[in-house]
Amino acid sequence: MANQFLIMLSRAKGVRDIATRLPMTRSVVDRFVAGETTPQMVEVCRRLTDDGLLGTVDYLGEDTADLGQAAAVTWEYVGALAALAEAGIADRVEVSLKLSAIGQFLGRDGEKVALDNARQICQAAREAGTTVTLDMEDHTTTDSTLGILRELRADFPDTGAVIQAYLRRSEADCRDLTHAGSRVRLCKGAYAEPESVAYPDERDVELSYVRCLKVLMYGEGYPMVATHSPRLIAVAQDIAQRAGRGNDDFEFQMLRGVRPNAQTKLAGLGHRMRIYVPYGTDWYGYLVRRMAEKPANLGLFVRGLVDR
Ligand code: FDA
């Protein structure tokens, strides 16, 4: 219930306007967000790669309201990819992209706008020597996002997909995405969803996660296991071994600021460990979803609001 309330808050514009003007301390935002500018993001990624980790960069922003904003976000990604290439780390850092930020819901032509913009970003990623993964948003966007993914993959087959285990449909979606070369990030899912489409019970979400993991690990694609759960990480290691996958045949992914010790430990064990690195000024919705995932973060957030 508290989680659903927080997720609703992440979308409430009035609350967002007030919260972003409060004296938030840098330490709270910095824990999860890699700064507001491209050079700050590149510096964070450079440190990650120096530590033997991989990255996937997300320029924060969703629900883009007009074509100009969609073009500006696209341009930001193209610039970020060029900056990563110039820093010599684009082979270890890719980008994650929300289609809503590049126009998916701009009227009847929204999907075409998002596809055209995504193509530009995929082309820039190819030139930089890296890849793009399409983030997954709430369930009303799943069919549209998977449709755009299919079109993008015709020209950019290495474009990654995200599947959310909390959706009842996800095991079937995983089966559709197990072909050779198909990069699929499996996560639990972070949006407030109705019971008609998503499992309300955490235990059922984890069981679904394991079923999806099996489909992906025994398939021919490249599974990207995005979770902080020690139990699911152990299950993934076990299934990967049974499926005959070596450490280079799949990867783990975690969010910046969440279980950093576990991140370095898994990398130290020889696993490919990729960190999701958000940056930009529009950090509010992203942070509120992190609060919803872990109530202890709410304390951190509130302390940050009052602690100058
Ligand atoms: P769970 O929430 O059960 O966490 C397991 C343990 O990890 C907790 O007990 C705690 O110790 C720790 N932990 C988890 N969250 C924490 C936090 N915020 N702060 C501190 N500790 C925490 N979702 C989505 O809907 N669409 C998407 O495209 C993506 N993309 C994405 C990319 C990557 C790389 C990751 C890691 C995650 C996503 N997600 C996402 C978010 C995902 O759906 C999910 O909400 C979070 O990963 C939390 O779920 P866990 O599987 O980590 O389990």
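Reply: Helices (H or I, at least four residues) and strands (E, at least two) are DSSP runs, numbered from the N terminus. This is a predicted model, where local features need pLDDT of at least 70 and side-chain atom pairs count only at pLDDT 80 or more, while totals for chains, interfaces and linings use all residues. Residue numbers run from 1 along each chain as its sequence is written.

Me: Great. Which hand does the crossing of α6 and α7 have?

Reply: Right-handed. Helix α6 covers residues 110–128 and helix α7 residues 142–155; they pack at about 45 degrees with their axes 10 Å apart. Axes here are lines fitted to C-alpha atoms, for helices over the stretch in contact, and angles run from 0 to 180 degrees between N-to-C directions. That angle makes α6 oblique to α7. Under 35 degrees counts as roughly parallel, over 145 as roughly antiparallel, 65 to 115 as roughly perpendicular and the rest as oblique.

Me: Which residues of α6 and α7 make the contact?

Reply: From α6 they are E111, A114, L115, A118, R119 and C122, and from α7 they are S144, I148, E151 and L152. By class, the contact of α6 with α7 has six nonpolar residues, one polar and three charged. Contact means that the C-beta atoms, placed from the backbone, lie within 7 Å. Ala, Val, Leu, Ile, Met, Phe, Trp, Tyr, Cys and Pro count as nonpolar, Asp, Glu, Lys and Arg as charged, and the others, Gly among them, as polar.

Me: OK, and at what angle do α9 and α10 pack?

Reply: About 25 degrees, with the axes of α9 (202–218) and α10 (230–242) 10 Å apart. These two are therefore roughly parallel to each other, and their crossing is right-handed. In α9, E206, Y209, V210, L213, K214 and M217 meet L232, V235, A236, I239 and A240 of α10. That contact has nine nonpolar, no polar and two charged residues.

Me: Switching to the ligand: which residues come nearest?

Reply: D135, C187, A190, T227 and H228, out of 24 residues around the ligand. A residue counts as near if its C-beta atom, placed from the backbone, lies within 6 Å. The shell divides into 10 nonpolar, seven polar and seven charged residues.

Me: Which element gives the most to that shell?

Reply: β7, with three residues. At least two residues each come from β4 (161–164), β5 (183–187), β7 (251–255) and α12 (284–293).

Me: Last one: what is the mean pLDDT of the chain?

Reply: It is 90, and 86% of the residues reach 70 or more. Residues 304–308 fall below 50, though this stretch has nine contacts in the model beyond near neighbours in sequence. pLDDT is the predictor's confidence in each residue, from 0 to 100. Where it is low, the predicted coordinates should not be read in detail. The model also scores ipTM 0.95 and pTM 0.91.

How values were computed: Left-handed = near helix turned anticlockwise from the far one by under 90°. Contact = placed C-beta atoms within 7 Å.
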